[in-house]
Amino acid sequence: MNIQNMILTLQQHWSEQGCILMQAYDVEKGAGTMSPYTFLRAIGPEPWNVAYVEPSRRPADGRYGENPNRLYQHHQFQVIMKPSPDNIQELYLNSLTALGINPLEHDIRFVEDNWENPSLGCAGLGWEVWLDGMEITQFTYFQQVGGLECKPVSVEITYGIERLASYIQDKENVFDLEWTDGFTVRDIFGQPEYEHSKYTFETSDPDMLFNLFSIYEKEAHRQMEEGLVHPAYDYVLKCSHTFNILDARGAISVTERTGYIARCRNLARKIAKTFYEEREKLGFPILKQKEELNHE
Amino acid sequence: MSKRDMLLEVGLEEMPARYVTSSVDQLAQKIEAWLESHGINYSEVNLFSTPRRLGVHVREMDEQQEDSFEEAKGPARKIAVTETGDWSKAAIGFSRGQGMAPEDIYFKEIKGVEYAHVKKYIKGQRTADLLPELESIITGLNFPKNMRWANEELRYIRPIKWLVAMFGQEIIPISITGVSSGTVTYGHRFLGGKIELTNPDDYESQLLSQYVLADSERRKQAILSQIEKLEEEMDWVITVEAELLEEVTNLVEYPTALYGRFEEEFLEIPEEVLITSMKEHQRYFPVKSKEGTLLPYFVTVRNGDHNHLETVAKGNEKVLRARLADAAFFYKEDQKMPIEKALVKLNSIVYHEEIGTLSEKISRVRNLTNQLTGMLQLNQESQKAADRAAEISKFDLVTQMVYEFPELQGFMGQKYALQKGESSLVAQAINEHYMPRNAEDATPESDAGASLAIADKLDTIVSFFSIGSTPTGSQDPYALRRQASGIIQILLKKAWNINFEETVDLAVSLIGGAGIAKRDTLEIKSDLISFFKLRIKHYLQEQGTSHDIIEAVLGGPIGAVPELIKRSNILEAYKRKEGFKSSIEALSRVANIAGKAETPGEINPDLFENEYERQLYNKYLASAAKVQGTIPAKTYFEELISLESFISNYFEHTMVMAEDRELRTNRLSQMAKLAAIIEGFAKVNAIIVK
């Protein structure tokens, strides 16, 4: 099964479970968790079921397109369900079956893996899912987001698309994966991988990036004061990505690093709180809608 | 009395493997405690646990709680009995209130007053009526890490999926997070199905038919015998570490061991790297030949049956190949980096925000190491090796391999140092300076490694104490206790009699010089000494030393650790010998009375009134000369024992607390001087003599 069909299959599967199918969010980010569709929507009492593909940028993992296992940008298929359904493990396993993975022919295990992202004030408990010893999915019950306790709890399922595809297509090199008929990952992403790696490690301008970080940070705070959560959050994401490039570039000393992470965490905490307050002002509209539906 | 079996099973989403055993043990203990406190007899408790279930089967439980008596207290006698000797209204009311008659009243004295009492007979209830209380036992389990899910308030190890609660064939009604108890359990996630239990006794066999080996001990044995079979068939030796076996046992419900292989070229990577990669990342068992060389195979345990084993093996091989390719890449890259370049990188690595960079730590440790090797008068070769090893002790921390496998720190340092042309002594010391890495680990073999290990650990402990980060209760994030115990073990193993207080002073002054200390130096030192005394106490307790002797040897300064331990062993051995009581009593008498001396001064022999005073004085002078400097504990102790007769004679003929002030002061001074010698060995008056 090529990657395109994998994505279509997963979309079909989760759409049938009542998930809104979203498109990738258009600001650079390191993981699907950082999309506002996850980070913000996991906050507060409103129900939320969503699935989307998230291109995830990890500047430090760039290898000029030469390493068979590492990518500057990989793809995650992200599912968020709030509150977490009782049969979520079964729903997930059914998605594997839909991908042609018959559990009876493999060894599928849920191995403890607790997830923590201190720079976003996030913590969760769950597993990494092993398929014949390979980690193919992160499965997490969010306990805290942006420093706020999650109530109700969301479950996050993150499939590593390339990982899973390399298993399904039995390829040793990620660039040999078939995206769709006649197109490999190399055809589509080979050049960008090389260029982004060169940019990250060689030609990027740390001074400019340091400047940008401060500008983005300031703007994020300013928009939060205005109660404009989403524009503010875009700038938080930009801060985070800028920091990641600087970090990969080796431009941030260990001492400074702690400082930058603390600045990102402050932003994340503040934005989480602001988002909650703004939704509260609106009367948690999705919650109200669902309750009305239930009464009818 | 008729009896029934009880079965309780909590079905869960996969629990963390490392908590399964302790969780089911806890459940069983709490159930047993409940049964005992409720007077319900039973014959036996069987435990079952898998990643998805905690099960307890109690056999032959009484259907009826034991009958019991309860005593109720009523009015005092003078109120209970009227002047005419009849029962008062109050007494009649009391007995009726308890459902009894006045004839049942008897009197019992409480704090000198007699009160009316009745003994109430309480009929045991039906066990079945009490069992719903088990709900709070299930919800009350404590786990190291808890979570919430969906809209539930309960914090638990993982979400609860089903509950089996049966007393015989009867359902015990329990409901937790919307899950109600019943008689239905589930087999293996993929191979098994739903099971309708009719009887607690069918539990294990029914589960087995649905591909669940519910008894974890049997599961473990099954894995072991499958591995042994592979060893036999393939002519292999597979070392099965208890910890990994335990984890693997609790990752599967129906184990099937299988093997895979990897490319022989990966064998060029150091063996420890391969083993770590297989064990830590993949939970594989490494395979060796009968001669002990690592072979390009691994054994893994699948959660399933024998079908499609080739697919599973192939998948696992693919994963391992990618991991080993990474390791090979790191190994190759690391070799390109000169040690000096790595050292420069350490300049910018913060060890701890308040303590500074790794480079700063290294320079303190190097300084301390050199002072130690000087104090210990190690040979030139060792001194030189220790110095160089200290200088480059942490260079491997910036290698990619250690970044990927932190547990290989020191080990990679040794490997790489040798490749870069360092002497084998230096390389060895780099690895050894982390030893002992855990309670079971050995101490460093080389003198260079041992002195560096002491310096590094001591610097760490002193650093954290200086910024006020000391271990409290269960909180010891920097493992300072383990490191302190490590220092003690090394000193003992090496029989290094360096003065402990002086060594701590050295480390404290180095930290002070670096401007790190946030607290008063004297306070830091006294905290450190108490901390180390606790570790020594712990060591002595472990080897079974009586607590009074521990208190006695730790009553004064630590001094030389090996000597301190010897003193404790001598006292412990002497405890069982004749004469122990009288010698200790004599010595204690001196120590006790010496405490009354306000300002002990010099002894004036002209003030002696009897020959015994003089004899003791002469003996004291001789002893004082003997115990000067470091003398073997045994000699010291023999010297103390020889004091006994002099002391006894002295006390028989001399009144220390004389009326005359001058006389008294002189005698107390003599006692104080003598006590100093005695207590230089141990606080003898802490020793309990019977």
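**Close-up views of a predicted two-chain model**

**View 1. Polar contacts and composition where chain A meets chain B.** Between chain A and chain B, 26 residue pairs are in polar contact, counting pairs in which both residues have a pLDDT of 80 or more. The side of chain A that touches chain B draws at least two residues from each of several elements of chain A, namely the helices α3 (88-98), α4 (161-168) and α8 (254-281) and the strands β4 (108-112), β6 (122-131) and β7 (134-145). The largest share of that side, five residues, is supplied by β4(A). Sorted by class, the side of chain A that touches chain B is made up of 18 nonpolar, twelve polar and 13 charged residues. As in every view that follows, the model is a predicted one.

**View 2. The extent of the contact between chain A and chain B.** How many residues of each chain take part in this contact? On one side there are 43 residues of chain A, and these are in contact with 46 residues of chain B. Together the two chains bury about 3,900 Å² between them, and 49% of this area lies on carbon and sulfur atoms. Within chain A, the residues that lose the most area to chain B are A:Leu104, A:Arg109 and A:Glu112, which together account for 14% of what that side buries.

**View 3. Salt bridges between the chains and within chain B.** Over all chains the structure holds 68 salt bridges, and the count between chain A and chain B is eight. A pair that joins the two chains is B:Arg148 with A:Glu149, whose closest N and O atoms are 3.0 Å apart. Within chain B, a salt bridge is formed by B:Glu253 and B:Arg52, where the closest N and O atoms are 3.6 Å apart. This pair links distant parts of the chain, for B:Glu253 sits in the loop between α8 (242-249) and β13 of chain B, while B:Arg52 sits in the loop between β2 (44-50) and β3 (53-62) of chain B, 201 residues apart.

**View 4. An open sheet of chain B with the strand order β4-β6-β5.** In general, the strands of a sheet pair through backbone hydrogen bonds, either parallel or antiparallel. Here three strands of chain B form an open sheet in the order β4-β6-β5, and their pairing is antiparallel. Why do β4 (68-76) and β5 (106-110) of chain B each have one side without a neighbour in the sheet? Both stand at the edges with a single partner strand, so one side of each is left without a neighbour. On average, neighbouring strands of this sheet are turned by 45° against each other, direction ignored. The antiparallel pairing of β5(B) with strand β6 (residues 113-122) of chain B runs over five bridges, and B:Tyr106 has B:His117 of β6(B) as its bridge partner. Helix α3 (residues 89-97) of chain B lies across β4 and β6 of chain B and runs at about 160° to β4(B).

**View 5. An open sheet of chain B with the strand order β13-β15-β14.** This open sheet of chain B has three strands, with antiparallel pairing. Its edge strands are β13 (255-261) and β14 (285-288) of chain B, each of which pairs on one side only. Neighbouring strands of this sheet are turned by 35° against each other on average, direction ignored. Strand β15 (residues 294-303) of chain B pairs with β13(B) in the antiparallel sense over seven bridges, and B:Tyr259 stands opposite B:Val299 in β15(B). Helix α7 (residues 216-234) of chain B lies across β13, β14 and β15 of chain B, running at about 35° to β13(B).

View 6. Most residues other than glycine have a negative phi, and most peptide bonds are trans. In chain A, a cis peptide bond joins A:Lys151 and A:Pro152, with omega about 0°, and A:Pro152 lies in the loop between β8 (148-149) and β9 (155-160) of chain A. In chain B, the peptide bond from B:Met435 to B:Pro436 is cis, with omega near -10°, and B:Pro436 lies in the loop between α16 (424-432) and α17 (447-466) of chain B. B:Ala150, although not a glycine, has a positive phi of about 45°, and it is found in the loop between α5 (134-139) and β7 (160-167) of chain B.

Terms used. Residues are numbered from 1 along each chain as its sequence is written. Chains are lettered from A and ligands numbered from 1 in the order in which they are written. This is a predicted model: local features need pLDDT of at least 70, side-chain atom pairs count only at pLDDT 80 or more; totals for chains, interfaces and linings use all residues. Side-chain values use heavy atoms; hydrogens and water are left out. Contact means heavy atoms within 4.5 Å. Buried area is the accessible area (1.4 Å probe) that two parts lose on being put together, summed over both. A salt bridge is a side-chain nitrogen of Lys or Arg within 4 Å of a carboxyl oxygen of Asp or Glu. A polar contact is a pair of N or O atoms within 3.5 Å; within protein, one must be able to donate a hydrogen and the other to accept it, and residues adjacent in sequence count only if both atoms are side-chain atoms. Helices (H or I, at least four residues) and strands (E, at least two) are DSSP runs, numbered from the N terminus. Ala, Val, Leu, Ile, Met, Phe, Trp, Tyr, Cys and Pro count as nonpolar, Asp, Glu, Lys and Arg as charged, and the others, Gly among them, as polar. Two strands pair if DSSP finds at least two bridges between them. Axes are lines fitted to C-alpha atoms, for helices over the stretch in contact, and angles run from 0 to 180 degrees between N-to-C directions.
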